[in-house]
Each structure stands twice: as structure tokens, then as C-alpha cells.
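Biologist: I'm new to reading protein models. Could you walk me through one?

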Amino acid sequence: MRRLRNRLAGALLSVLALTLTATGCGGSSSAASDAASDAGTGSGAAAKRNPVADRVEPLAKTLEPKLPVTVRSADGEEVTVERAERVVPLSGSLSEIVFTLGLGDRVVARDVTATFEQAARLPVVTRGHDVSAESVLSLRPDLVIAETTTGPEEAVGQIRAAGVPVLFVEAARGLQDVGPRIQAVADALGVPAAGRELTQRSEDRITAVRADVEDVAPGDRPRVAFLYLRGSASVYLIGGEDSGAGSLIEAAGAVDAGAASGLEKDFTAITSEALVKAAPDAILVMSKGLESVGGVDGLVEIPGVAQTPAGMDRRIVSVEDGVLLNYGPRTDQVLKSVVAQLYGGNGQNGESGESGESGESGESGDGSEGSEGGDR
């Protein structure tokens, strides 16, 4: 999710410059912050069939970290971790990995995109691309784990200057990044064997889901367009080659309609022409984004959507914001949900994909409680 927000930043600036003037919104910085940072914050519809669990599933056996260790950070720095009693992951995806490795009781804060149940009571120290160095340092962390897109750089620099080890992990681009990201976190926490076990478990589960669609003939593969929607800010974008959703769409036995139609940018403002050219059979959206436009009824009112096969069939695939593009230990569940909605009938009428189940627990942490760690 962090990488998605980073890729969206440029697109949002140009789109908001036009849309906010037209809608009379009171300031682009506020609207941009809302649009970019709420990707994992809200409750949302989840698929009735195979919904993504609101809890992570830790490994059966928790290993004791063997420290100190020295690892290479993705920014090229050598990072020595002496202790890992108080860990601060600066993205929901990284939090998910730490908790699933069985070390959630050591996590003392969360990013707003950490929407799973076990992290609900932790204080929020990051919102979107806005790390608060003061908030992080006030928790006396032994280790901070960040995405390569985490910012602002000044805040991360302040944390390092205070003597806190900061490990950068390469931002997720697709399914191929699940294992390397897990292992990078596990190595830094002194549990490399647990990293290998979790990587194997995650990859095996993803492979099992992919096997369900491996027999789909090339000519039968549905065209799926990934739309990023924030109705409150009048932001309507269609994903292109590097939106981050292509890997997931392809693993579900489908074709990334935006990329296939020649959209080279990460995200492009939606136009009737772009949608007609993409001709999606189904539309993939984040659940909060779908809610922001008034559900399926509102989505088909966006110019051009009703003229696509997806719009005419109301074939909408919706997955919770905080997990859709995490590419981590729950990605097999995300993929299973997408497959079920594409091929199992859930997404055919556009309504049955909305069950009212949500990841609301991720919103309850306001910093007022749970400051001592996940399960402490």
C-alpha cells in the first residue's frame, strides 16, 4: 500500500489541481492527504465468498530472536540490530509480516494501514506518507522498519540521528516480492528460519490458489481494470502498467485491462475514451473507494463505466484497502477473494460482493491505548 500511495502522489497532484477547483474543496493539501493516506483506513465491503480475514495467522511456533545481527538495508546502509523488544514497522504490510512471524507482542506502534485485528490497539505514528519522528522516538524503539518509499526523508533521518536502527525494505511491486520482503524482516529480527518457513507457507498458499485458474484459456481470461477512487476528493484514476495491481490480476487468471490498452503511466485520470479502450469485463476497486462513490450504483454513474462490459454487467470486485496490494502473508486470501468474485458469481451483479464485513479494527487505535505492544 505504501508504494501505491507513492505512485499515486504525482497523479493526484495533477488531477486534484483540476478537480478541487471545480468542486470548491477547501485546499489541495488536505484533500490530497485524505485521498492518499486513507487507502487503509476505512471499513469496507469484503467479498461474501472467501473474505480476507481481519486477523493475521502467526506461525505455529514462535522463535526467540538471536541478536545482535547486522543486515543490509535496502538503501545500502549496514544496520546492526542489538535488541528487538520494541519494534515500529512504518507500514501496514510490514506490521503484518512482523505479527505473522509471531513477534507481534514486540510491536509498539502502527501505520494507519495496519488494519488487522491484532494491531488495532496500537498508537498510530504514520499516516500515509507522513512519519512523525517525535511520535516514533517517544516510544523508545529498538528497531524501526520502513518501506523504501517511507517519508518524509527528514523524519527518517531524525530517527536514525537519534541512534535508532532503521531498516529499509524494498517496496512491494507484485507477487514476486512476497518472499524477499518476509525474509528481509525476519533476518533483521534475528529469526531467519521463521522467515524461510513463512515464505514457504505464503508461496505454497498462493500457488494453490493460482492452480484453480491455471486452466483458464487465454481467450477466456477476463479483462480487469483497477480503478483508484476517492469520491470525496473527486479523484477517479485507472491503473496502468505499474499500478501494482497487474501481478494480482494476472495471478487470478485475468488480463490487466489498463496495461493491455496501452496505459503506460501508473495511473491516469479516468475518461470515457480510456475506459472504452480498456473494455474491462470486471472492475477491481478498494472497498473504501467503492464506498466513497456511493457503492456500485455510484460507480456505474462515473462517465464511461456504464458503457463497459463490467459496468453493464455490474461486475465489480472489491477488496479491503488495507490488504489489497500488501503482497505479504495474507496475499493468498486476497487472491482467493478476487478469484471467487471473478469466477464464482459474486461479482456478477455487483451487489453480492458487498457483505458489510470490514477491517474497522484498524481504525480504533488513536494512540490513547495499547502503547506497550500488540498483545501485551
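Predicted model: local features only at pLDDT ≥ 70, side-chain atom pairs only at ≥ 80, totals over all residues.

Biologist: Which residues of α14 are buried?

Modeller: Among them are Thr331, Asp332, Gln333, Val334 and Leu335. Further along you also find Ser337, Val338, Val339, Ala340, Gln341 and Leu342.

Biologist: And what covers the buried residues of α14?

Modeller: The cover includes the helices α6 (178–188), α7 and α8 (246–251). It also includes the strands β9 (223–230), β13 (282–286) and β14. As for length, α14 reaches 18 Å from its first C-alpha to its last, close to the 18 Å expected at 1.5 Å a residue.

Biologist: What does Val338 touch?

Modeller: Leaving out residues up to four places away in sequence, Val338 touches Leu248, Ala252, Leu284, Val317 and Val319. Val338 is also one of the residues with the most contacts inside the largest nonpolar core, which has 66 residues. Others in that group include Ile145, Phe226 and Leu324. Helix α3 (residues 92–103) gives the most to this core, with six residues. There is a second, separate core of 20 residues too, and Leu227, Leu229, Ala278 and Val305 are among its members.

Biologist: How do I read a helix that has a buried side?

Modeller: Here's the general idea: an α-helix has 3.6 residues a turn, so residues three or four places apart point the same way. Now look at α5, where Ala155, Val156 and Ile159 are buried. Seen down the axis of α5, its buried residues fall within an arc of 95 degrees, so they line one face of the helix. Turned away from that buried side, the other face carries the exposed residues Glu153, Glu154 and Ala161.

Biologist: What do the buried residues of α5 pack against?

Modeller: They pack against β6, α4 (133–137), β7 (143–147) and β8 (166–169). After α5 comes Gly163, with a positive phi near 90 degrees.

Biologist: Where is Arg160, and what is it in contact with?

Modeller: Arg160 sits in α5, which covers residues 153–161. Arg160 is partly exposed, with a relative accessible area of 28%. Setting aside neighbours within four places in sequence, Arg160 is in contact with Ser73, Asp75, Glu77, Val79, Val166 and Phe168.

Biologist: Is Arg201 buried or exposed?

Modeller: Arg201, in helix α7 (residues 192–211), has 17% relative accessibility; the cut-off for buried is under 20%, so Arg201 counts as buried. Beyond its neighbours within four places in sequence, Arg201 is in contact with Glu57, Pro58, Leu59 and Thr100.

Biologist: Where is Asp321, and what polar contact does its side chain make?

Modeller: Look in the loop between β14 (316–319) and α14 (331–343) for Asp321. Asp321 is buried, with a relative accessible area of 0%. Its side chain makes a polar contact with the side chain of Arg230, at 2.9 Å.

Biologist: Last topic: how do I read a sheet?

Modeller: In general, strands of a sheet pair through backbone hydrogen bonds, either parallel or antiparallel. In this model, three strands form an open sheet in the order β4-β5-β6, with mixed pairing. β4 (110–111) and β6 (130–131) stand at the edges with a single partner strand each, so one side of each is left without a neighbour in the sheet.

Biologist: In what sense do β5 and β6 pair?

Modeller: Strand β5 (residues 124–127) pairs with β6 in the antiparallel sense, over two bridges.

Methods:
Residues numbered from 1 in each chain as written. Heavy atoms only, no water. Core = buried A, V, L, I, M, F, W, Y, C linked by side-chain atoms within 4.5 Å. Buried < 20%, exposed > 50% of the residue type's maximum accessible area, 1.4 Å probe, protein only. Helix = DSSP H or I, 4+ residues; strand = E, 2+ residues; numbered from the N terminus. Contact = heavy atoms within 4.5 Å. Pairing = 2+ DSSP bridges. Polar contact = N/O pair within 3.5 Å; in protein donor to acceptor, adjacent residues only side chain to side chain. Expected span 1.5 Å × (residues − 1). Arc of directions from axis to C-beta.
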